[in-house]
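Subject: Structure for your review

Dear colleague,

Please find the structure below, followed by an account of what was found in it.

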Amino acid sequence: MLAALLNEGVTWGDSSEWLPATPSESVDLWFTSPPYADARAYSRIHPDRYVDWFLPYGKLMLEATKDTGWLVLNIKNRVAKSGPLQAQRHPYVYKLVLALQEQGWRWLETYIWFKPNAVPGKFGPRTKDSFEYVYAFAKGTKPYFDLDTIRVPYKTTSQEIERRRLDKLGRRNTEAGFGRDRTTTYLRGGADPGNVVSVPQTYNQHKGAGGHTAAMPEGLAEFFIKACSPEGGVVVDPFAGSGTTAVVARRLGRRAGGLEIHKAFVDGARERLRLDEPDNEHVVIQLAYLDRWAASALIRVARASPRGGSARTARPDYRTGPL
Ligand SMILES: C[S@@+](CC[C@H](N)C(=O)[O-])C[C@H]1O[C@@H](n2cnc3c(N)ncnc32)[C@H](O)[C@@H]1O
(Lines give C-alpha, C1' and ligand atoms only; values in the text may rest on other atoms or scores of the structure.)
Protein backbone atom coordinates (compact mmCIF):
# COMPACT_ATOMS: atom_id res chain seq x y z
CA MET A 1 0.00 0.00 0.00
CA LEU A 2 2.74 2.46 0.99
CA ALA A 3 4.67 1.62 -2.18
CA ALA A 4 1.62 2.49 -4.32
CA LEU A 5 1.19 5.75 -2.47
CA LEU A 6 4.81 6.76 -2.87
CA ASN A 7 4.66 5.81 -6.51
CA GLU A 8 1.46 7.68 -7.35
CA GLY A 9 2.23 10.82 -5.35
CA VAL A 10 -1.38 11.42 -4.43
CA THR A 11 -3.72 8.44 -4.28
CA TRP A 12 -7.50 8.57 -4.49
CA GLY A 13 -8.83 7.01 -1.31
CA ASP A 14 -10.14 7.33 2.22
CA SER A 15 -7.37 7.48 4.81
CA SER A 16 -9.43 5.58 7.34
CA GLU A 17 -9.29 2.59 4.96
CA TRP A 18 -5.71 3.04 3.77
CA LEU A 19 -3.91 3.85 7.00
CA PRO A 20 -4.51 0.43 8.61
CA ALA A 21 -2.55 -1.08 5.71
CA THR A 22 0.50 1.13 6.28
CA PRO A 23 3.36 -1.01 7.63
CA SER A 24 4.29 -0.25 11.22
CA GLU A 25 7.26 2.05 11.78
CA SER A 26 7.49 2.99 8.09
CA VAL A 27 6.82 6.74 8.00
CA ASP A 28 9.28 9.49 8.97
CA LEU A 29 6.84 12.38 8.85
CA TRP A 30 3.13 12.89 8.56
CA PHE A 31 2.77 16.48 7.52
CA THR A 32 -0.85 17.39 7.15
CA SER A 33 -3.59 19.90 7.40
CA PRO A 34 -6.76 17.94 8.11
CA PRO A 35 -10.21 19.32 7.30
CA TYR A 36 -10.91 22.01 9.87
CA ALA A 37 -14.06 21.72 11.95
CA ASP A 38 -17.20 22.73 10.09
CA ALA A 39 -15.20 24.78 7.67
CA ARG A 40 -15.45 23.75 4.04
CA ALA A 41 -18.00 22.26 1.74
CA TYR A 42 -15.76 19.20 1.19
CA SER A 43 -16.08 18.12 4.77
CA ARG A 44 -18.24 19.21 7.67
CA ILE A 45 -17.13 17.90 11.03
CA HIS A 46 -18.81 19.60 13.97
CA PRO A 47 -16.22 21.06 16.37
CA ASP A 48 -17.88 19.26 19.31
CA ARG A 49 -17.21 15.94 17.56
CA TYR A 50 -13.83 16.79 16.07
CA VAL A 51 -11.64 15.00 18.62
CA ASP A 52 -13.63 11.76 18.29
CA TRP A 53 -13.39 12.06 14.53
CA PHE A 54 -9.63 12.60 14.48
CA LEU A 55 -8.39 10.20 17.17
CA PRO A 56 -8.68 6.98 15.12
CA TYR A 57 -6.43 8.59 12.49
CA GLY A 58 -4.00 9.62 15.23
CA LYS A 59 -3.79 6.02 16.47
CA LEU A 60 -3.22 4.56 13.02
CA MET A 61 -0.52 7.12 12.25
CA LEU A 62 1.21 6.50 15.58
CA GLU A 63 1.51 2.81 14.80
CA ALA A 64 2.91 3.48 11.34
CA THR A 65 5.48 6.06 12.46
CA LYS A 66 9.16 5.31 12.90
CA ASP A 67 10.60 5.78 16.39
CA THR A 68 12.34 8.92 15.15
CA GLY A 69 9.25 10.13 13.33
CA TRP A 70 6.72 12.93 13.62
CA LEU A 71 3.13 13.97 13.15
CA VAL A 72 3.07 17.67 12.27
CA LEU A 73 -0.43 19.08 12.19
CA ASN A 74 -1.48 22.41 10.73
CA ILE A 75 -4.87 23.35 12.12
CA LYS A 76 -6.91 26.44 12.72
CA ASN A 77 -9.13 27.60 15.50
CA ARG A 78 -12.66 28.68 14.72
CA VAL A 79 -15.42 30.80 16.13
CA ALA A 80 -18.44 28.75 17.30
CA LYS A 81 -21.47 29.41 15.13
CA SER A 82 -24.05 28.22 17.65
CA GLY A 83 -24.50 26.63 21.07
CA PRO A 84 -23.35 27.91 24.46
CA LEU A 85 -20.01 29.07 23.04
CA GLN A 86 -21.56 30.98 20.15
CA ALA A 87 -19.29 33.82 18.91
CA GLN A 88 -16.41 32.61 21.13
CA ARG A 89 -13.37 30.69 20.03
CA HIS A 90 -14.19 26.98 20.08
CA PRO A 91 -11.59 24.95 22.04
CA TYR A 92 -11.59 21.91 19.73
CA VAL A 93 -7.97 22.44 18.67
CA TYR A 94 -6.72 22.49 22.26
CA LYS A 95 -8.82 19.45 23.14
CA LEU A 96 -7.38 17.61 20.17
CA VAL A 97 -3.80 18.40 21.20
CA LEU A 98 -4.40 17.09 24.73
CA ALA A 99 -6.17 14.00 23.40
CA LEU A 100 -3.29 13.21 21.02
CA GLN A 101 -0.85 13.59 23.90
CA GLU A 102 -2.91 11.14 25.93
CA GLN A 103 -2.97 8.82 22.94
CA GLY A 104 0.82 8.54 23.17
CA TRP A 105 2.07 11.28 20.85
CA ARG A 106 4.76 13.39 22.49
CA TRP A 107 3.70 17.01 22.08
CA LEU A 108 7.06 18.70 21.47
CA GLU A 109 6.19 22.08 20.11
CA THR A 110 3.49 24.52 19.10
CA TYR A 111 4.48 26.61 16.11
CA ILE A 112 2.65 29.65 14.92
CA TRP A 113 2.33 30.01 11.17
CA PHE A 114 2.25 33.80 10.81
CA LYS A 115 0.67 35.08 7.59
CA PRO A 116 2.13 38.51 6.92
CA ASN A 117 -0.37 39.06 4.10
CA ALA A 118 -3.49 37.56 5.70
CA VAL A 119 -6.63 38.51 3.80
CA PRO A 120 -8.72 41.19 5.52
CA GLY A 121 -12.46 40.99 6.12
CA LYS A 122 -15.10 41.60 8.76
CA PHE A 123 -14.66 39.43 11.82
CA GLY A 124 -16.78 41.13 14.50
CA PRO A 125 -15.07 42.32 17.66
CA ARG A 126 -11.69 40.89 16.73
CA THR A 127 -8.96 41.43 14.19
CA LYS A 128 -8.48 39.33 11.07
CA ASP A 129 -6.93 35.90 11.51
CA SER A 130 -3.26 36.25 10.73
CA PHE A 131 -1.95 32.98 12.12
CA GLU A 132 -2.64 29.28 12.29
CA TYR A 133 -1.24 26.61 14.59
CA VAL A 134 1.23 23.93 13.62
CA TYR A 135 1.54 21.29 16.33
CA ALA A 136 4.57 19.02 16.27
CA PHE A 137 4.21 15.59 17.89
CA ALA A 138 7.03 13.07 18.04
CA LYS A 139 6.64 9.34 18.49
CA GLY A 140 9.81 8.64 20.45
CA THR A 141 12.24 10.43 22.70
CA LYS A 142 14.87 10.99 19.99
CA PRO A 143 13.06 12.41 16.98
CA TYR A 144 14.97 13.35 13.85
CA PHE A 145 15.45 17.12 13.81
CA ASP A 146 17.80 19.12 11.60
CA LEU A 147 17.83 22.74 12.73
CA ASP A 148 20.60 23.58 10.28
CA THR A 149 18.24 23.18 7.31
CA ILE A 150 15.90 25.92 8.52
CA ARG A 151 18.32 28.51 9.84
CA VAL A 152 17.75 32.12 8.83
CA PRO A 153 20.28 34.92 8.25
CA TYR A 154 21.76 36.47 11.40
CA LYS A 155 20.36 39.88 12.26
CA THR A 156 23.69 41.60 12.57
CA THR A 157 26.50 42.98 10.45
CA SER A 158 29.27 40.90 8.87
CA GLN A 159 31.78 42.93 10.94
CA GLU A 160 30.11 41.86 14.17
CA ILE A 161 30.09 38.23 13.03
CA GLU A 162 33.81 38.47 12.27
CA ARG A 163 34.50 40.17 15.62
CA ARG A 164 32.74 37.39 17.48
CA ARG A 165 34.58 34.77 15.44
CA LEU A 166 37.91 36.18 16.64
CA ASP A 167 36.71 36.61 20.23
CA LYS A 168 38.76 34.27 22.42
CA LEU A 169 37.14 35.08 25.75
CA GLY A 170 34.51 32.40 25.41
CA ARG A 171 31.84 32.15 28.04
CA ARG A 172 31.07 35.37 29.90
CA ASN A 173 28.40 35.66 32.51
CA THR A 174 25.87 38.41 32.04
CA GLU A 175 24.20 40.33 34.85
CA ALA A 176 21.20 38.09 34.37
CA GLY A 177 23.45 35.19 35.27
CA PHE A 178 23.51 33.45 31.92
CA GLY A 179 26.86 32.07 30.85
CA ARG A 180 26.48 32.08 27.10
CA ASP A 181 29.50 31.24 24.98
CA ARG A 182 29.49 34.30 22.76
CA THR A 183 32.27 33.08 20.50
CA THR A 184 30.04 30.44 18.93
CA THR A 185 26.93 32.60 18.54
CA TYR A 186 27.53 33.32 14.88
CA LEU A 187 29.33 30.22 13.77
CA ARG A 188 26.33 28.08 12.98
CA GLY A 189 25.63 29.27 9.47
CA GLY A 190 22.48 31.12 10.45
CA ALA A 191 20.15 31.85 13.34
CA ASP A 192 17.55 29.55 14.87
CA PRO A 193 14.32 30.74 13.17
CA GLY A 194 12.21 30.39 16.33
CA ASN A 195 8.76 28.90 16.55
CA VAL A 196 6.88 31.67 14.77
CA VAL A 197 7.15 30.73 11.13
CA SER A 198 6.36 33.59 8.80
CA VAL A 199 5.13 32.32 5.44
CA PRO A 200 3.14 34.55 3.08
CA GLN A 201 0.06 33.16 1.43
CA THR A 202 0.64 32.58 -2.25
CA TYR A 203 -1.38 32.83 -5.44
CA ASN A 204 -1.18 29.11 -6.23
CA GLN A 205 -2.46 28.49 -2.77
CA HIS A 206 -5.61 30.39 -3.59
CA LYS A 207 -6.15 28.87 -7.01
CA GLY A 208 -5.45 25.42 -5.58
CA ALA A 209 -5.06 22.31 -7.69
CA GLY A 210 -8.37 20.86 -8.83
CA GLY A 211 -10.17 23.90 -7.46
CA HIS A 212 -9.04 23.30 -3.87
CA THR A 213 -9.78 26.31 -1.69
CA ALA A 214 -7.65 25.48 1.35
CA ALA A 215 -4.22 24.70 -0.01
CA MET A 216 -1.31 25.77 2.17
CA PRO A 217 1.67 27.69 0.80
CA GLU A 218 4.60 25.51 -0.15
CA GLY A 219 6.90 27.46 2.19
CA LEU A 220 5.06 26.10 5.21
CA ALA A 221 5.49 22.49 4.13
CA GLU A 222 9.11 23.14 3.23
CA PHE A 223 10.01 24.35 6.72
CA PHE A 224 8.75 21.23 8.49
CA ILE A 225 9.77 18.70 5.84
CA LYS A 226 13.34 19.99 5.93
CA ALA A 227 13.57 20.01 9.72
CA CYS A 228 11.62 16.85 10.57
CA SER A 229 12.52 14.32 7.87
CA PRO A 230 15.81 13.09 6.47
CA GLU A 231 16.59 13.15 2.76
CA GLY A 232 15.25 9.94 1.26
CA GLY A 233 12.81 9.64 4.18
CA VAL A 234 9.11 8.82 3.85
CA VAL A 235 6.68 11.73 4.09
CA VAL A 236 2.92 11.14 3.92
CA ASP A 237 -0.08 13.45 3.99
CA PRO A 238 -3.30 11.56 4.82
CA PHE A 239 -5.42 14.61 3.88
CA ALA A 240 -3.55 15.63 0.77
CA GLY A 241 -5.92 18.16 -0.84
CA SER A 242 -4.05 19.79 -3.70
CA GLY A 243 -0.92 17.76 -2.93
CA THR A 244 1.28 20.48 -1.40
CA THR A 245 3.08 18.10 0.98
CA ALA A 246 3.87 15.56 -1.74
CA VAL A 247 5.00 18.20 -4.24
CA VAL A 248 7.37 19.88 -1.80
CA ALA A 249 8.65 16.69 -0.19
CA ARG A 250 9.53 15.18 -3.57
CA ARG A 251 11.26 18.37 -4.62
CA LEU A 252 13.33 18.09 -1.43
CA GLY A 253 14.38 14.52 -2.19
CA ARG A 254 12.00 12.69 0.12
CA ARG A 255 9.84 9.73 -0.87
CA ALA A 256 6.37 11.18 -0.59
CA GLY A 257 2.72 10.44 -1.10
CA GLY A 258 -0.71 11.46 0.06
CA LEU A 259 -4.30 10.32 0.26
CA GLU A 260 -7.20 12.39 -0.89
CA ILE A 261 -10.84 11.43 -0.82
CA HIS A 262 -12.06 13.76 -3.59
CA LYS A 263 -11.23 12.68 -7.11
CA ALA A 264 -11.09 16.21 -8.58
CA PHE A 265 -8.42 17.20 -6.04
CA VAL A 266 -6.48 14.02 -6.78
CA ASP A 267 -6.46 14.80 -10.51
CA GLY A 268 -5.38 18.37 -9.80
CA ALA A 269 -2.66 17.24 -7.40
CA ARG A 270 -1.24 14.76 -9.90
CA GLU A 271 -1.10 17.43 -12.55
CA ARG A 272 0.64 19.69 -10.05
CA LEU A 273 3.15 16.94 -9.30
CA ARG A 274 3.76 16.49 -12.99
CA LEU A 275 4.34 20.20 -13.62
CA ASP A 276 6.25 20.85 -10.36
CA GLU A 277 6.05 24.62 -10.65
CA PRO A 278 7.15 26.41 -7.46
CA ASP A 279 4.37 28.24 -5.67
CA ASN A 280 6.27 31.39 -4.81
CA GLU A 281 4.11 34.26 -5.97
CA HIS A 282 2.92 36.02 -2.83
CA VAL A 283 -0.56 37.42 -2.56
CA VAL A 284 -0.27 41.17 -2.23
CA ILE A 285 -3.44 42.80 -1.06
CA GLN A 286 -3.46 46.14 -2.78
CA LEU A 287 -5.64 49.01 -1.82
CA ALA A 288 -5.91 52.09 -3.93
CA TYR A 289 -5.16 55.16 -1.88
CA LEU A 290 -4.52 58.79 -2.51
CA ASP A 291 -1.51 60.54 -1.17
CA ARG A 292 -1.98 63.93 0.44
CA TRP A 293 -1.10 65.83 -2.71
CA ALA A 294 -3.52 63.83 -4.83
CA ALA A 295 -6.28 64.18 -2.28
CA SER A 296 -5.93 67.95 -2.12
CA ALA A 297 -5.80 68.10 -5.94
CA LEU A 298 -9.01 66.07 -6.03
CA ILE A 299 -10.67 68.47 -3.67
CA ARG A 300 -9.51 71.39 -5.84
CA VAL A 301 -10.90 69.69 -8.96
CA ALA A 302 -14.18 68.87 -7.22
CA ARG A 303 -14.52 72.48 -6.04
CA ALA A 304 -13.75 73.84 -9.51
CA SER A 305 -16.37 71.61 -11.11
CA PRO A 306 -19.87 73.13 -10.91
CA ARG A 307 -21.51 69.72 -10.46
CA GLY A 308 -18.51 68.28 -8.69
CA GLY A 309 -18.84 65.33 -11.03
CA SER A 310 -15.51 65.39 -12.79
CA ALA A 311 -13.45 64.36 -9.79
CA ARG A 312 -13.40 60.67 -10.73
CA THR A 313 -11.86 61.26 -14.15
CA ALA A 314 -9.64 64.14 -13.02
CA ARG A 315 -7.47 62.18 -10.57
CA PRO A 316 -3.98 63.43 -11.23
CA ASP A 317 -2.14 60.68 -9.41
CA TYR A 318 -3.48 57.36 -8.26
CA ARG A 319 -1.05 55.09 -6.55
CA THR A 320 -1.42 51.65 -5.12
CA GLY A 321 0.39 50.29 -2.18
CA PRO A 322 0.37 47.22 0.02
CA LEU A 323 -1.90 47.22 3.04
C1 LIG B 1 -7.41 21.24 4.56
S2 LIG B 1 -7.46 20.21 3.17
C3 LIG B 1 -5.77 19.88 2.85
C4 LIG B 1 -5.12 20.90 2.00
C5 LIG B 1 -3.68 20.57 1.66
N6 LIG B 1 -2.80 20.76 2.81
C7 LIG B 1 -3.20 21.40 0.48
O8 LIG B 1 -2.20 22.14 0.61
O9 LIG B 1 -3.84 21.37 -0.56
C10 LIG B 1 -8.03 18.68 3.79
C11 LIG B 1 -8.28 17.61 2.72
O12 LIG B 1 -8.59 16.37 3.34
C13 LIG B 1 -9.47 15.66 2.49
N14 LIG B 1 -10.07 14.57 3.27
C15 LIG B 1 -11.03 14.67 4.23
N16 LIG B 1 -11.27 13.47 4.77
C17 LIG B 1 -10.44 12.57 4.15
C18 LIG B 1 -10.21 11.18 4.28
N19 LIG B 1 -10.90 10.44 5.16
N20 LIG B 1 -9.28 10.60 3.49
C21 LIG B 1 -8.59 11.33 2.59
N22 LIG B 1 -8.76 12.66 2.42
C23 LIG B 1 -9.68 13.28 3.20
C24 LIG B 1 -10.41 16.73 2.01
O25 LIG B 1 -11.08 16.35 0.82
C26 LIG B 1 -9.48 17.93 1.81
O27 LIG B 1 -9.04 18.02 0.48
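I begin with strand S11 (residues 234-237), where Val-234 and Val-236 point one way, Val-235 and Asp-237 point the other way, and all are buried. A residue is called buried if 20 or more other C-beta atoms lie within 10 Å of its own, exposed if 12 or fewer do, and partly exposed in between, with C-beta atoms placed from the backbone. Helices (H or I, at least four residues) and strands (E, at least two) are DSSP runs, numbered from the N terminus.

Please note that this is a predicted model, in which local features need pLDDT of at least 70 and side-chain atom pairs count only at pLDDT 80 or more, while totals for chains, interfaces and linings use all residues. Residues are numbered from 1 along each chain as its sequence is written.

The sheet

S11 belongs to an open sheet of eight strands with mixed pairing, in the order S1-S12-S11-S2-S3-S7-S6-S10. Strand S1 (10-12) and strand S10 (196-198) are the edge strands, each pairing on one side only. Two strands pair if DSSP finds at least two bridges between them. On average, and with direction ignored, neighbouring strands of this sheet are turned by 20 degrees against each other. Helix H9 (residues 263-275) packs on the sheet, where it touches S1 and S12, and the direction of H9 makes about 155 degrees with that of S1. Angles run from 0 to 180 degrees between N-to-C directions, and axes are lines fitted to C-alpha atoms, for helices over the stretch in contact. Two residues are in contact if their C-beta atoms, placed from the backbone, lie within 7 Å.

On one side, S11 pairs in the parallel sense with strand S2 (residues 27-32) over two bridges. Leu-29 has Val-235 as its bridge partner in S11, and Trp-30 has Val-236. S11 and S12 also run parallel and are joined by four bridges; the partner of Val-234 in S12 is Arg-255.

Elsewhere in the sheet, strand S6 (residues 106-114) and strand S7 (residues 131-138) pair in the antiparallel sense over eight bridges, with Tyr-133 of S7 as the bridge partner of Ile-112. S6 and S10 run parallel and are joined by three bridges; Phe-114 stands opposite Ser-198 in S10.

The ligand shell

Which residues are closest to the ligand? They are Ala-215, Phe-239, Gly-241, Ser-242 and Thr-244, out of 21 residues that surround the ligand. A residue is near a molecule or strand if its C-beta atom, placed from the backbone, lies within 6 Å of it. Helix H2 (15-18) and strand S12 (255-260) each supply at least two residues of this shell. The shell divides into ten nonpolar, nine polar and two charged residues. Here Ala, Val, Leu, Ile, Met, Phe, Trp, Tyr, Cys and Pro count as nonpolar, Asp, Glu, Lys and Arg as charged, and the others, Gly among them, as polar.

Helices

Helix H7 (residues 218-228) is largely enclosed by the rest of the structure, because eight of its eleven residues are buried. Among them are Phe-223, Phe-224 and Ile-225.

Helix H3 (residues 50-64) and helix H4 (residues 92-103) pack at an angle of about 35 degrees, with their axes 10 Å apart. The residues of this contact divide into nine nonpolar, two polar and two charged.

Overall, the protein has ten helices and 14 strands, and buried residues make up 31% of its 323 residues.

With kind regards
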